[in-house]
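Hi there,

Here is the structure I promised to pass on. Have a look when you get a chance, and read on below for what turned up.

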Amino acid sequence: MKVPFLDLKAQYAALKSEIDEAIEEVIATCSFIGGEVYDRFRENFRQYIGAKHAVMVGNGTDALEIAIKSLELDAGSEIIVPANSFIASSEAVTTAGHKVVFCDIDDDTFNIDVSKIESLITAKTKAIMAVHLYGQPCDTRALKSICEKHDLFLIEDCAQAHGAQMSGKNVGTIGDIATFSFYPGKNLGAYGDGGAIVTDNDKLATFCQMYANHGRIEKYNHEFEGVNSRLDTLQCAVLDVKLRYLPEWNEKRRAVAERYYKAFRDLSWMRCQAQLEDTLGVFHLFAVRVKDRDSFINHLKDSNIQPGIHYPIGLPFLKAYEHLSAKAEDFPITHAHQNEIVSLPIFPEMSDEMVSYVIRTVQEFKHS
Ligand SMILES: *Cc1c(COP(=O)(O)O)cnc(C)c1O
């Protein structure tokens with residue numbers, strides 16, 4: 001049996017007629033930027049997340065940069081970012097004109113270690129970025145109280161967590177402003193790039209809406225210089241069809257995850273990402289830690305199972321952040337994690353047989 005890491009072709013095959021029709025409708029009207037389909041998706045996504053405003057942008061990285069800009073912080077402000085994420089999380093801090101301060105991750109949740117944040121706060125700290133990595137809500141409750149105590153903004157990077165919940169609330173509605181990515185492989189993926197910003201704050205929403213569209217609300221009335229970062233209508237058409245299936249897909253991912261958790265619970269050599277109490281993860285990825293990673297990955301590949309590594313180099317240790325001179329002992333968990341982390345296949349179209357096959361193959365691994 002062959003188990004791919006993700007199967008976008010199977011997803012398209014299941015929705016072909018609906019997606020083709022939605023795309024054809026946009027082409028027939030030649031309404032490629034804005035228009036009814038754009039408005040409809042924006043409204044449906046806003047309602048799904050449960051935020052007051054949603055702004056559609058070109059991709060998840062722009063979403064972060066624009067969201068940070070909307071906070072109008074003094075240039076060079078410090079923003080605390082988890083040391084394990086995709087580079088976009090920290091990159092956006094820099095491109096928005098601020099300084100990245102990395103925080104180590106938690107050994108069990110693989111998300112930001114909340115207990116290490118307060119020692120990083122200085123007079124220049126103005127925000128914390130919460131990343132719900134792999135689709136697991138990070139400890140946003142604790143982050144929120146730290147933000148309230150120190151008067152900081154809370155930005156949520158929900159690129160991997162569409163529909164994930166904490167205490168019955170969707171992630172993206174807990175902080176001051178939140179961002180999503182519609183990169184094709186994400187839980188809600190476009191047929192190209194796409195992203196969104198959500199917030200309950202009218203002022204932040206207006207700024208984001210205008211900044212992403214040349215600083216304007218009306219056609220040629222530019223109130224300030226912005227950028228062109230729009231979500232095009234063809235992507236909205238695809239996303240609006242897929243959004244209807246997202247709850248069901250997230251449910252299927254959770255069902256796969258449940259089977260993995262149960263089957264791997266007794267493996268002494270493997271640790272799965274821990275879930276915080278009162279949260280509902282959406283398992284964009286199913287991340288586990290294995291000491292003997294190279295042999296484990298070879299074992300999976302020899303059995304035609306495609307694993308992934310997210311991410312092989314912790315952010316502080318990337319060449320891009322060489323200037324910060326991060327040492328392994330500054331980020332001990334992130335450092336250990338980068339050498340042990342493996343992502344197992346998880347996607348809604350995965351058959352029960354595929355899941356059983358992955359479980360069996362993992363259980364057969366002879367850990368040294
Ligand atoms: C994918 C991703 C982004 C960036 O989204 P793009 O749409 O690819 O620009 C940001 N943060 C995280 C955690 C991501 O996984």
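For what follows, contact means heavy atoms within 4.5 Å. Please keep in mind that this is a predicted model.

Let me start with the nonpolar cores. The largest one has 39 residues, and those with the most contacts inside it are Ile68, Ile79, Phe102, Met129, Ile155, Ile177 and Ile197. At least two residues of this core come from each of β1 (53-57), α3 (60-70), β2 (78-82), α4 (88-95), β3 (99-103), β4 and α6 (202-211). The element that gives the most is α3, with 5 residues.

Which residues does Ile155 touch, leaving aside its neighbours within four places in sequence? Ile155 is in contact with Leu64, Ile68, Leu71, Ile79, Ala127, Ile128, Met129, Ala130 and Ile177. There is also a second, separate core of 33 residues, with Ala22, Val37, Leu188 and Cys236 among them. As background, nonpolar side chains tend to be buried together in soluble globular proteins.

Now to helix α5, which covers residues 140-150. Its buried residues are Thr140, Ala142, Leu143, Ile146 and Cys147. Viewed down the axis of α5, these fall within an arc of 160°, so they line one face of the helix. Glu148 and Lys149, on the other side of α5, are exposed. The cover over the buried residues of α5 includes β4 (125-131), β5 (153-157) and β6 (165-166).

How values were computed:
Residues are numbered from 1 along each chain as its sequence is written. This is a predicted model: local features need pLDDT of at least 70, side-chain atom pairs count only at pLDDT 80 or more; totals for chains, interfaces and linings use all residues. Side-chain values use heavy atoms; hydrogens and water are left out. Buried means under 20% relative accessible area, exposed over 50%, partly exposed in between (1.4 Å probe, protein chains only). Helices (H or I, at least four residues) and strands (E, at least two) are DSSP runs, numbered from the N terminus. The arc is that of the directions from the helix axis to the C-beta atoms. A nonpolar core is a set of buried Ala, Val, Leu, Ile, Met, Phe, Trp, Tyr and Cys residues joined through side-chain atoms within 4.5 Å.
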